[in-house]
Amino acid sequence: MGKIVGIPKGLLYYDFYPMWKTFFEVLGAKVITSQNTNKKIVDDGVKNSVEDACLPVKTYVGHVMDLKERGVDYIFIPRIVSVEKKKYLCSKFLGLPDFIKSLIKDLPPVIDIEINYYKDEEFTKREFIRAGKMLGRTKGDALKAYLKGMEEQRRFKNLLKEGFTNLEALKMWEEGKVKVREERRRFDLKIALLSHPYNIMDEYISMGLIEKLRNMGAEVITVEMLNKASILEGVAFLPKDIFWTYERDILGAGMYFLKKKGVDGVIMVSAFGCGPNSMTEELLERFYKREKNLPFMLLTIDEHTGEAGVMTRIEAFVDLLRFNKKAVVV
Amino acid sequence: MKITYPHMGSLNMILKTMFEGIGIEVIDPPPSSNKTLTLGVRNSHEFVCLPFKINVGNFIEALEKGADTIVMLGGIGPCRFGYYGQVQREILKDLGYNFEMIILDPPHGRVKDFLKELASHFPNVDWKVALKSFMLAVKKMIAADKLEKFLLIQRAHEDAPGITTKIYEEYIKKLEKAQNAREINQILSEGMNKIKQNANVKRKIQLRVALVGEIYMLLEPSTNMNIGKTLNELGVEVTKTEYLSDYLINSAFKLPQRLEFKKNARGYLERDIGGHGLNTVANTVKYAKLKYDGVIHILPFTCTPEIIAQGIIAKVSRDYDIPVMSLVYDENTGQAGYQTRIEAFVDLLYKRRGL
């Protein structure tokens, strides 16, 4: 029987699950994830984490504890240093496995390979081979699984570019169904949502923000739906590129919408105490204020955020956008 | 051109020596104060780290004094410090200031290349002259850091409250004015002697505490509320783990210190995570092994590398049975609250030694 590898449903799960799941399954392991985020997971995470850590990290700790309770053979907590050349991720990803191992006692063995494309792909390949060895498989097997994983990852990425959210794309990918994007509702507004997927794709943490906006008649565009060229076009408006991949994407998307329009408003969602976002928010807010022609709202979420408060703010924002639109039409 | 820069420990002394050495007028920002912090907080993002806010305050105060050029360090991540300058420039622009901002990438490898890049912003300057004044500045910095290291031990034994601090401040001022290496050495040894003569209190139980954490917070006594002095006054010898000279020399010449950090942190943190997170973990292990009585970890609110380190050193504390306390600083930190916590921590350390 294959070993069971647990993957916590937090942080970059929303970006790389197809790759990771495929890799382990091709190697003959059974992959399970933690449950969807719920109150217990957040409470466990908050209780066992450092007070000042951001909400996504605390939630991740809760997911690891969930997997531990469910008795898996391995937990996959990669150290993700870089996902493309010459760019880093936020510090928390660089020290994640060490951090988790220090916080939670008696963990099952952790597969803590380093994903690092800063220089080239070779390093990361070697690390996946190391993961394969932990599962008792050969180098050849692991490489094959790696390539298959990359292929699945590309399929998943293509779904994002078709306009599906990470969550929808993950579901479609897992169920293997190819769906045409349904025009569920008639949307009369288009709103760009600038955020890390681990904030807005987690329906518990974001309190179903995307569904809420859609129910109000707004089509939602996320950063992941934009193609790289548009993001880079946006980045070109900045005085200097930034060294974090996901912040570059957020800034680039923000500048792209500001200059090229195509949306009625922009909402930026960030977690309380998020270090990188303190830089991107500051810049975007200033650039939007200078041009004064595209409404921009900041939404900060933490473990105490109340649903009613968020609802009031997005309702007011959507009303404002509709008001703006009519003013133009009339 | 009237140049200014942010405060960071004794950095102003070096930059001043260097720029004046190449004939450029310098406008020192007023020492960081509550007003500086207020200005910074008012004009910065709520969750940006404290050093950023104080920088902004320094810049505003210096621009008000007539500076027209800001020199700032850049970086390639992953610590957000590397992007500070880019964001600060936009903040100051929106405030209506007219200035130029020079953002220098940190030296990777040779100091010479760094100075060449610096010199490219000042076309009329010979970089050989710049190198000479830079070396003098570095010597001053090393001397100032040595004097501080000495003070943090000796002040715990001072004969009358405040006496060694006074001597220290007097000699730092003398160092600033020194013209050559010989003078620097003379001032340093004289200062150390004088401190030593005024520190004769001996105790049966002598506590030692290591200060680890984020470098800016450790370098700027105004932001950490002079925690070294607070501990010294409670009779505790203090070893501070971050000095500007160590930092600059290490990043400039690639000394093996980084390898030492990696070795010490092994089993707890396996790589550099940006900022000084790795240093914090490595230093906590190092001083735990050296049988220090306790470790105090200081960090600015929302500092990601230090938050990761904070989680990890809690385990070091359990494994080595050494008390570790993390103090998080932001603009709302109150002196009295931290004084109480530090006193309680020191009491605990005395209890553990059987007093």
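Helices are DSSP runs of H or I of at least four residues and strands are runs of E of at least two, both numbered from the N terminus. This is a predicted model, in which local features need pLDDT of at least 70 and side-chain atom pairs count only at pLDDT 80 or more, while totals for chains, interfaces and linings use all residues. Residues are numbered from 1 along each chain as its sequence is written, and chains are lettered from A and ligands numbered from 1 in the order in which they are written.

H12(B) spans residues 257-265, and its buried residues are B:Phe261, B:Asn264 and B:Ala265. These residues cover an arc of only 90° around the axis, which puts them on the same side of H12(B); the arc is that of the directions from the helix axis to the C-beta atoms. Helix H13 (277-289) of chain B is included in what covers them. Just after H12(B), B:Gly267 takes a positive phi of about 95°.

Leaving aside neighbours within four places in sequence, B:Val281 is in contact with B:Ala265, B:Tyr268, B:Leu269, B:Ala309, B:Ile312, B:Ile313 and B:Val316, contact being defined by C-beta atoms, placed from the backbone, within 7 Å. Together with B:Val209 and B:Val295, B:Val281 is among the residues with the most contacts inside the largest nonpolar core, which has 196 residues. Such a core is a set of buried Ala, Val, Leu, Ile, Met, Phe, Trp, Tyr and Cys residues joined through C-beta atoms within 7 Å.

Chain B as a whole has 15 helices and eight strands. Its radius of gyration is 20 Å, close to the 20 Å that the globule rule gives for 355 residues, so chain B is as compact as a globular protein of that length. The radius is taken over C-alpha atoms, and the rule is 2.2 Å times the number of residues to the power 0.38. Of the 355 residues, 46% are buried.

An automatic or database assignment divides chain B into domain 1 (2-106) and domain 2 (204-355). Their C-alpha centres lie 26 Å apart, and the contact takes 19 residues from domain 1 and 17 residues from domain 2. On the domain 1 side, helices H2 (34-42) and H3 (50-64) of chain B each give two or more residues, with H3(B) providing the largest share, four residues.

In the interface, 29 residues of chain A are in contact with 34 residues of chain B. H13(A) gives the most to the chain A side, with eight residues. That side divides into 16 nonpolar, six polar and seven charged residues, where Ala, Val, Leu, Ile, Met, Phe, Trp, Tyr, Cys and Pro count as nonpolar, Asp, Glu, Lys and Arg as charged, and the others, Gly among them, as polar.

Note on methods. Contact = placed C-beta atoms within 7 Å. Buried ≥ 20, exposed ≤ 12 C-beta atoms within 10 Å, placed from the backbone.
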